[in-house]
Amino acid sequence: MAAEFDVTARGSPAADPPPGILGKVMRHLLHPFRRGTPPQPQPATGFYTDTSVCIGCKACEVACKQWNQLPADGFAFTGNSYDNTGALSAESWRHVKFVEQFDVLRSLRERVPGNGGGTSEPLAERAEHSPADGRLSLDVIPPPADRWLMMSDVCKHCAAAPCQHACPTGAIVYNEFGNVYIQPDICNGCAYCIAACPFGVITRSHFDGHAHKCTLCYDRQKDGLVPACAKACPTASIQFGPVAELRERAAKRVDELKQRGHAAAHLYGNQRTEAYSELHSFYLLLDRPAVYGLPDDPVNPWVHMRGDYLRTVAFGLAGLLLTLAVFLLAGRPA
Amino acid sequence: MTPSPTATGYAHREVTKPPNWHGLVVWDVMLNAVTTGVFLVAAVGDLARPTAFAPVAAWAYPLALAVLLADLVCLVLDLGNPLRFHHMLRVFKPSSPMSLGVWCLTAYSLPLTGLAACALFGWRTEWLHPALLVVALPFSFGSAAYKGVLFSTTAQPGWRDARWLGAYHVTSALAIGAGVLWALAEWLGASEAAGLLRWATAGLILLGVYPAVRFAVEFRASRVVMVVVTVLSFVLPLVLVATPQAAWVAAVALLVGGYVARSALVHRPHRS
Amino acid sequence: MPGLGATLGRGAATTYQQDLANADCLLVMGSNMAEAHPVGFRWPLKAKENGATLIHVDPRFSRTSALCDVFVPIRAGTDIAFLGGLIRHVIEHDKWFREFVLAYTNAAVIVDEGFRDTEELGGLFSGFDPTDRTYDPQAGHWNYAGANGKTQHKDEGNPGTHGYGHMGGGEQHPQPQKDPTLRHPNCVFQILKRHFARYTPEAVAGVCGCSPEQVVRVAELLAANSGRERTSTIVYAVGWTHHTTGVQIIRAAGILQLLLGNMGRPGGGIMAMRGHSSIQGSTDVATLYDLLPGYLPQPTTDDAHSTLRGYLDKETLSTGYWANMPAFVVSLLKAWYGAAATPENEFGFGWIPRVDGDHSHLVTTDRMARGEMTGYFVFGQNPAGGGMNAGMQRAGLRALDWLVVADWFETETATFWKNDPTGPPPRDVKTEVFFIPAAGSPEKEGTLVNTQRLLQWHNQALDPPGDCRSDAWFVYQLGRRLKELYADSADPRDWPIQALTWDYDRRHPHTLPDRTASRIHDEPDTLRILQEMNGRTADGRLLQTFGELKDDGSTACGCWIYSGVTPEPGRNRANERDRTPGNPVEPNWGFAWPLNRRVMYNRASADPDGKPWSERKKLIWWDEAEQRWTGPDVPDFEPTKPPTYRPPAGATGMAAIAGDTPFIMKTDGLGWLYAAKGVKDGPLPAHYEPIESPVGNSLHPRQPDNPTVRTFPGPLNPLAAAPTADFPVVATTFRLTEHYLSGPMSRFNSWLNELMPEMFVECGPELAAEVGFANGDWVTVRTPRAGIVCRALVTSRIKPLRVDGRAVHQVGLPFHWAFAGETVGGNANDLTSIVADVNVSMHEAKVFAVRVEKGPAGGPGLLPTKRPVAWPTREPTPGTPPAAQPEGGYAHGG
Amino acid sequence: MFSLPMSNRPQPFSPQTSDKASRLRGATVTASVCPYCAVGCGQLIYTKGGRLIDIEGDPRSPINEGTLCPKGANAFQLAVNPHRVTQVLYRAPYSAKWEPKPLAWAVDTIARRVKAARDAELSAGGKAVKSFGTLGGATLDIEENYLMKKLFTGGLGVLPVENQARI
């Protein structure tokens, strides 16, 4: 029987009886200082998002809203292709992006390289897509030059997450699956995690003032269920599973796509770089990350923290010593 | 939202989201500079030249406490859920400048309260006063030091590149503190302390030039802000150092200059 | 579905969606599958992963195109020209599957020499009567040469009697004259060859606006992926049907697939992607004016139909499976009238109302607008928003005395009297409106029939809120009340309502899945209704198959094609959800009509001798040892009829179908490349321009549009008929993934509205530059019927096409918005016209001529009728602690 | 390479986080079919305490294998929706507003309207009823369609019985 049926047989933890007013105040004050039992660590899980099969249907967005009962956050026609969600936020934990690349090869030829002019600058490798001899081959059909790229964006669940480092309350934790989870009962909305995230994933909700983002369906994972978006995705563009397994699968897929002529196919966040950890939610992209609104080379702000402290403390101490010197030496009768 | 003129894609947009930090946070950073600057300079003076600084210190500690309390109010009110302010004390997490800062501020506030109380009620004991000072000093220093690093340890445009932001903030805080105490000393007629503070102010302003220039370059501050801050925080107070009667002008210039710089700092990501 | 019915025998998708994964090449045309059927599209994508080639031919570069290997842009409404080009290429370059075509199609059949093709008559077939703009197939000599069994009557060409087209296609001689060499000038193959000779790549490119190379490339890809070892599938949807030439477009696809040998085989066939959850079912059961359940023709005012005997004599095909029609009809009458249906009163046949003309929805709308109707029931449909020429639909509703609307939300149809921005104030609207709140699908039980003919039962999970009731409840209670009102009448005209069997009361207390008792006690027992459709013998035993049906009144069956769905008490195969590892057709998941066959005509998956064409593509084969057809699917053939069987002379019924002819619903068992009957606008598809087209017909210059199309002239329905400079842009309509139809099931839902919040027109930068607007600006799109204001979505996905030597702009309009709901906007259906093709009274929503203008700057000035609701509910989940509350519901503690 | 604190030490879990579970525990699950398009995706409907709490894809279905599109994923909001009308609404001729009415009243009144229209038309010599008709059915169950066809065509002799489907 599928987990979808098994789960119903499990008993729910009992709800506490509602306390009185004094009890409420006490609970409110003491709650953050109570600790839960840390669960047994499990193999790390994550998302592998294969953009080459994304059909831009946004099932992930609605499935996420449905499961998590997230509010709709406003009706705005953006004019940016079919993307009216605009961005990830406390209310939208999945965001499908649309990038229209039409006539780019032609316009590339007409354009001085590097003058911008469009956001859909393709990788140079794109030119390699058409067979060199120009013959029509029925066996290997070159990928079309005109593309409409689609990608479902989500929290990256960084192995070393800046938001988690930033969080002063310990609301953001790595759970037993290695996912980055904001404990909604702890977060007090300081917004430091928002500032720290290089991917612009987190915002603060208008409704409760707390930071929210993808939980990787922690509650579903607890009961052996696949996260709502990955489950709904009709084309397996979003895949969920143990990260190690996903990375293997993804590497194979890249090879396959390269063989089919997608020279630019590559994985984003598959490995740690000089400045950033690997991502537990990683992507297969068909163009430069920036084209999809991802930082080409994300930098973990904590890379600089030690040096920044050093300069600060050095100058602060210098200031204090200077002051001390002035006070001790100046104006004192000789 | 007005639709963009064409389907523009994502490549030329800032990826990060600005935190919801606005006016209250500008005041927080400013008040942080004032309370720590005032306290640190006063404490050094109090320890180095107790007699000369006694009248100034009697005003400085309550002032630092009042400013600190105002700062804390700003901090709490700026939370998405102010009723959960105490969650800040749930963990001690040195990896987070904010956590470190909260603990420093808390630890700084306790001896400072004692010092302020001593000053206000005239309790002056041989051992308690220096003990409180010694306890408060590192935490006050930490409170000043964490603030700039908190901003530079983010992914926000402007902040993330500002390697000298922390150094700027802390030297600026000391200069402001010295300037304010100088004006206070002049007003109280504590001429010896005033004379010392005059030179301290000048020295601290000069010390702050280097980090400020580095910060301004990395931060890519707007020209208007740079001119205003240069005049108010550097040129004007230095010119006025020779004019004791104008101490309050120098102090106000330092305060306003510091505020302008911090306002530009806090709002930088929202401009992108 | 006469397009498929006349070609193959049954008007339904020939295969199942999962089978698309078995194709080596897929041509998606007239369908935006990735957007309209995203979950169905997973199967073509699986095929792609396995190495198949995906081709999309469409006016717009859509999300479907984005995932396809090849995209060919064509001008909307030129599908026959494109398919004709493919057919010509396949024939001219000898790419057709010879053994398949010779054995399984009517390619070799000799046609009456009096037949004249469009080639000879300037775009018309022989037999056209210009006075009433119809064809007389008899006078046009469309039939096979020689004896033809029963003759057809003139009415066959007229609109209004559609039975033949949907199924079987009509009578032709079971053993026609043939020329196996295919050289006879009047054999079907030669006629076909001559007919499509005109469709050269260059000519096709000139009509469609693509390049000649693209035509050749698609033809080559399909041909290279067809044959013994490989198969290709064609997928279509309303992009083909919503045309005045829709039936013939689908015919062309059928011809192509028969020529390539892609019928009845894994990864082959024609997949019709239908629009609604049970649109297949509503066609089967036939809430259609001209059909009785199970595609039986509803009797007409034809003299022969005045008696059951005359009707059956005339309509029953002598050979093939349709020879059993008398049993189907009599069993239906027994199901409806029960004990009152006796041989003496012809089982109540006289009580069935006789069709006296076209009563299709569009024609009814025209009558309504002219004040000829008193009342109207609308169940889960939204003509005021989604009907063709919706402005005229609303005018029709205003002319009614009373209107009953059963729906979930206050749709345009429910609120036309107060919210229509173009209508008069309520004080001038006379219509009395009853709004019946409907139960949602989780709140009732019943069967939906999906696009692959699969009956799937959905169980009731909870009670509906308040006074919401299922539509079954409403119709059942209305029927009971009417029976009461008519109980005392002695008037013979009231006998049918008195005789109608109408007892579906629940015999046991209604219990919900959580073991609580339902609050509602008078809901009908849905399973009993399904069992009535399944059929019973006189002693009440449930039927296992429609093979048991009799024409003597000893069986009762409400919809013969569903027989076998409830084969015994306590068993409902539509509610059986079992997987069968190793069997790709998954025979135990739901129940597919007929008799759980998943791939229709699957006899064709084996060669004439009964052996699979190839190991790779085997499905059904003749087991010599067992002397029966076997394989993973249920054979769509008599299970023990050997491939060698040859019918004796004069055989009737199934005995007349040879062991090597797979299309058992056809009188000759053959797939009809040439359809002598069943299609009223010609035995072969020919390209005609849409009714509203900015260009002429370069393939048949003397005949711009389909000669048999009916128009409904009047001030409410003007047409831009001639190629006119006033409306120079080709418009097509389309569905977005994020919305559904005219919006009743999506524009009251904030999670969908936020994804697509406003009506827009999709157009290319060239048109935007010409007219002078930018992306996101407000523009007005105008037809002679109306002008609507919407946002411009300027995108390079839409390109002007070179047609007739000049650039023709196209625009795309999603048809999801109107004036009621959380989001409101210009209604694409206000722009469309009411015209009707002769076969099925189909309109032409998929192509019409428009003009695009700048402004007005402030937009349409429409206000939503409902305030957006961010959360469906903010109530915490009952019986659940904070730790298990939904994360975003913000109901968790702390 | 940079080094970062990976925080391997015990994470500061709150008791609520430690108790994390899905709301499907203890729920009732019912097999259903998506009400939107014709693909026919299997759905599972979860109820608890008589309330709908979740609808998701049925992983057993060979058609959708648990997946859904945005509309299918929205099926919950389609049913649990404050915009839904839950009582009979009646609009009198020329009136500017709805009036709530009881169900039984509606059925009875409509039956009388039907009878009046039918009797008038047949008394005037009509052979079949064309003065009123029905529209709809492609989004309804086949049992509902069947009742409509049976009652209106077979019982009342109405000709204009139509739905979204034309071919």
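**Exercise 1.** Classify C:Glu346 as buried, partly exposed or exposed.

*Solution.* Around C:Glu346, 17 other C-beta atoms lie within 10 Å. A residue is buried if 20 or more other C-beta atoms lie within 10 Å of its own, exposed if 12 or fewer, and partly exposed in between, with C-beta atoms placed from the backbone. C:Glu346 is therefore partly exposed. Its phi is near 50°, a positive value in a residue other than glycine.

The model is predicted: local features need pLDDT of at least 70, side-chain atom pairs count only at pLDDT 80 or more, and totals for chains, interfaces and linings use all residues. Residues are numbered from 1 along each chain as its sequence is written, while chains are lettered from A and ligands numbered from 1 in the order in which they are written.

**Exercise 2.** Describe the open sheet of chain D.

*Solution.* Two strands pair if DSSP finds at least two bridges between them. The sheet has 3 strands in the order S1-S2-S3, with antiparallel pairing. Strands S1 (28–33) and S3 (51–57) of chain D are the edges, since each pairs on one side only. S1(D) and strand S2 (residues 42–48) of chain D are joined over 6 bridges. D:Ser32 stands opposite D:Gln43 in S2(D).

How values were computed:
Helix = DSSP H or I, 4+ residues; strand = E, 2+ residues; numbered from the N terminus.
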